[in-house]
Amino acid sequence: MPTPYPSVCPAAPDSGPAEPPGTAHALSCSMTLPASPRAAGIARQAVRAALHAYALDPLEPTAVQAASELLGSAWRMDPYGELYLSLRYRDDALRVIVYDGHPTHTHPRLAALCEARRRSTLRVFTALVRDHGGHWGLGPSREPGGGTRTWATLPHRPNG
């Protein structure tokens, strides 16, 4: 009888995942979108689906609007590249992060004007996050290609 070849690809354990499917703390989802006015609509559908799959439906209205506002702003700042959306749920809060390819300016005056322009596109977003009890920020991307990272943290109080 021939010896079976060893598998180079590990098989998932029979005991199942560390957390049951749909557990909020397992939510970690991301996607790359083309810089386009349609990106926000695609993101809204994806955020709704992810939050529903992980039983985070109470966060849906705020998170969907936050992702839409962040992607709309990112598209205005970098209309020709790619946009990256990330959702992470940790420590009873949802973090919505958007990366775009718009570089940080080296000249301080240009950098200040650019940041003011970006913040002005996020006035509705700022009020939305504040009203939800969250916080947000922006800064240089930590990704290898550079660009800008804008994020919001939205608390979730399941029993409150």
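**Entry 1, pocket lining.** I looked up which element gives the most to the lining of the largest pocket in this predicted model, and I found that helix H3 does so, with five residues. The space in this pocket comes to about 190 Å³. I then went through its lining of 13 residues and noted that Thr 104, Ala 111, Glu 115, Leu 138 and Thr 148 are the closest to the centre. Two elements, helix H3 (108-121) and strand E4 (135-140), each give two or more residues to that lining. Sorted by class, the lining holds six nonpolar, five polar and two charged residues.

Is strand E5, residues 148-155, buried or exposed? I found that eight of its eight residues are buried, so the strand is largely enclosed by the rest of the structure.

I followed the pairing from E5 to strand E3 (residues 93-100), where eight bridges join the two strands in an antiparallel arrangement, and I noted Arg 95 opposite Thr 153 of E5. Turning to E4, I found that it pairs with E5 over six bridges, again in the antiparallel sense, with Thr 150 in E5 as the bridge partner of Leu 138. Going back to the pocket, I noted that Leu 138 is also among the lining residues closest to its centre.

Methods. Residues numbered from 1 in each chain as written. Predicted model: local features only at pLDDT ≥ 70, side-chain atom pairs only at ≥ 80, totals over all residues. Heavy atoms only, no water. 1 Å grid on protein atoms, 1.4 Å probe; cavity = no way out; pocket = protein on both sides within 12 Å on 5 of 7 lines; lining within 4 Å. Points joined across faces, edges and corners; volume = space filled by probe spheres on them. Helix = DSSP H or I, 4+ residues; strand = E, 2+ residues; numbered from the N terminus. Nonpolar A, V, L, I, M, F, W, Y, C, P; charged D, E, K, R; others polar. Buried < 20%, exposed > 50% of the residue type's maximum accessible area, 1.4 Å probe, protein only. Pairing = 2+ DSSP bridges.
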